[in-house]
Amino acid sequence: MQYILSLDQGTTSSRAVLFDAQGAKVYAAQYEFPQIYPQPGWVEHDPEVIFETQLRAAKDCLAYAEQQGAEVAAIGITNQRETTTVWDKATGKPVYNAIVWQCRRTADTCAAMAAEGRTDFVREKTGLVLDAYFSATKLQWILRNVPGVMERAQRGELLFGTIDTWLIYKLTGGRTHVTDRTNSSRTMLYNIHTLQWDAEILDYLGIPACMLPDVCDCSGDLGMTNVAVLGAEIPVCGCAGDQQAALFGQCCFRPGDVKNTYGTGGFLLMNTGELCTESKNGLLTTIGCSIGGKVTYALEGSVFVSGAVIQWLRDGLQLIESAAETEAIAHSVPDTGGVYFVPAFVGLGTPYWDSEARGLLCGMTRGTGRAHIVRAALEAIAYQTADVIRAMEQDTAMLGTIKVDGGASQNGFLMQFQADLLGQRILRPDNVESTAAGAAFLAGLACGMWKDPAALEQLPQGFTEYRPAMDAAERDALLNGWHTAVKRCTL
Ligand code: ADP
């Protein structure tokens, strides 16, 4: 009996999940770790704590596998993307906390770069919007602000890594300094066309190339764990950033296939195949996967407030007691009675990119009740998602299968309304461990547990299918109303 161990290093917890040859989850362990907020808008993690919690979760899984008499054939890693770490090559000690993707400390640096006219320079090379979200300016911040670090980096004494790189470095006992192409494509230092670290960007930001990891395929040899660290020698042979791992875990293997995660925020990725599409609609171009030297590109869009609007109904307004009850409440009325809710609490993401926009509840009458507002909140999640999917469709003229995961995808009302709005069927897998499964699939392909992606599609997996049932006129009228409401909150 063989298992694959998937390490899913997220923003708030480190998880480890064992999968069997059927692709089924057999065991999972999870440890949360503290968030560090040194100043408003700054977010850090302790890299040592990230590793300790991840190692503990991994060891729990190995112990379970041993109890079952199973062998762990390979390890796949998936991780919070963009989060930036620098450590000493000789001692493995971080020189500073990890700067987390959410951290806004370099927003001014990015604004200054934009003022120097660097927006197109960055987008053409990296596919990304010039933003503090990505690793580049975080790394530059550490080099400039931690005493002595720039000199040590220039002398070749320090290494940079996103969290995948850090975990592999630690698991291999400091022998291996690598990343994969999905993670490198989120650093804003990597040229997604030439598939190299971009010398011009490095030069512009003053980042020594010697601190960057080698960039590998997502599936293949990424290192061998050290017995002294993990208690076993196991090949690490799968790696992808969390959203890309979810795309792979959902088997979105064909150009046009989309996965949407309805979590706190909404994360959408479309596989665009060999086409490196430049978006005219505010989407990011990124690497979706690379296997056997063949790169698959993706378009990415995000909804800032997705499931979080339901949290707000519960904790902010205290209008509901649980997220789950919103489904029945929404069904208790035939429609919202003309109410629209634009949850632009922190501005609007794709395709609007308006950081000044704020939330709006409009169209209310004396007849408006709690159920209408709850329904409008759920519908808002679907409208925002539809806007991103339309943007993807406009950029690529493709739209394949749409697969969903994340907490709010459990809401049947939301899924049906989403299918209605898109005029397209939606598939929700019964197993919603897409992210961890994606990393396991990548590792399992490399170690021979599965022959090819087709074998992954054959694995037993149930789906709930939502088919569109709304006529086009009603859909257009609803979307018109939504877009009018969006305009009102972006004025
Ligand atoms: P994350 O990983 O971002 O923390 P999850 O994937 O766990 O998020 O999803 C949690 C989000 O989904 C919460 O914002 C919650 O309000 C929302 N949610 C959970 N269940 C439901 C439901 N049945 N209907 C609507 N929203 C839900």
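**Ligand shell**

I began at the ligand in this predicted model, and I listed 13 residues around the ligand, the closest being Thr-264, Gly-307, Gln-311, Gly-407 and Asn-411. When I sorted the residues of this shell by type, I noted five nonpolar, eight polar and no charged residues. I then looked up which element gives the largest share of the shell, and I found helix H11, residues 308-316, with three residues.

I found a polar side-chain atom of Thr-264 at 2.8 Å from a ligand oxygen, and a backbone N or O atom of Gly-307 at 2.9 Å from an oxygen atom of the ligand. I also noted Ala-308, where a backbone N or O atom lies 3.4 Å from a ligand oxygen. The ligand taken alone exposes 590 Å², and I recorded that the protein buries 65% of that area.

**Seven-stranded sheet**

I traced an open sheet of seven strands and wrote down its order as S16-S17-S15-S14-S20-S21-S22, with mixed pairing. At the edges I placed strand S16 (284-291) and strand S22 (463-466), each of which pairs on one side only. For the twist from one strand to the next, I noted an average of 25 degrees.

Inside this sheet I looked at strand S14, residues 258-262, and strand S20, residues 402-405, which run parallel and are joined by four bridges. Which residue of S20 is the bridge partner of Asn-260? I found that it is Val-404.

**Helix H10 and what follows**

I located Gln-250 in the loop between H10 and S14.

I then checked helix H10 itself, residues 242-249, and because eight of its eight residues are buried, I describe the helix as largely enclosed by the rest of the structure. The buried residues of H10 include Asp-242, Gln-243 and Gln-244, as well as Leu-247 and Phe-248. After H10 comes Cys-251, for which I noted a positive phi, near 55 degrees.

**Five-stranded sheet**

I next followed a second open sheet, this one of five strands in the order S3-S2-S1-S5-S13, again with mixed pairing. Its edge strands are S3 and strand S13 (236-241), each pairing on one side only, and I noted an average twist of 15 degrees from one strand to the next.

Strand S2, residues 13-19, and strand S3, residues 25-32, run antiparallel, and I recorded seven bridges between them; within that pairing, Val-17 has Ala-28 of S3 as its bridge partner. S2 and S3 form a hairpin with five residues between them, and in the turn I found Gly-23 with a positive phi of about 80 degrees. On S1, residues 2-9, I noted antiparallel pairing with S2 over six bridges, in which Gln-9 has Ser-14 of S2 as its bridge partner.

**Backbone checks**

Before listing the exceptions, I reminded myself that most residues other than glycine have a negative phi, and that most peptide bonds are trans.

Where does Met-188 lie? I found Met-188 in the loop between helix H7 (181-184) and strand S10 (190-191), and its phi is near 70 degrees, a positive value in a residue other than glycine. With a relative accessible area of 1%, Met-188 is buried.

Gln-318 also has a positive phi, of about 55 degrees, although it is not a glycine. I placed Gln-318 in the loop between H11 and helix H12 (326-331), and at 64% relative accessibility I count Gln-318 as exposed, since that word requires over 50%.

My last entry is the peptide bond from Thr-350 to Pro-351, which is cis, with omega near -5 degrees. I located Pro-351 in the loop between strand S18 (340-342) and strand S19 (360-362).

Terms used
Residues numbered from 1 in each chain as written. Heavy atoms only, no water. Buried < 20%, exposed > 50% of the residue type's maximum accessible area, 1.4 Å probe, protein only. Helix = DSSP H or I, 4+ residues; strand = E, 2+ residues; numbered from the N terminus. Near = heavy atom within 4 Å. Polar contact = N/O pair within 3.5 Å; in protein donor to acceptor, adjacent residues only side chain to side chain. Areas by Shrake-Rupley, 256 points an atom, 1.4 Å probe, with all protein chains shown as cover. Nonpolar A, V, L, I, M, F, W, Y, C, P; charged D, E, K, R; others polar. Pairing = 2+ DSSP bridges. Axes fitted to C-alpha atoms, helices over the stretch in contact; angles between N-to-C directions.
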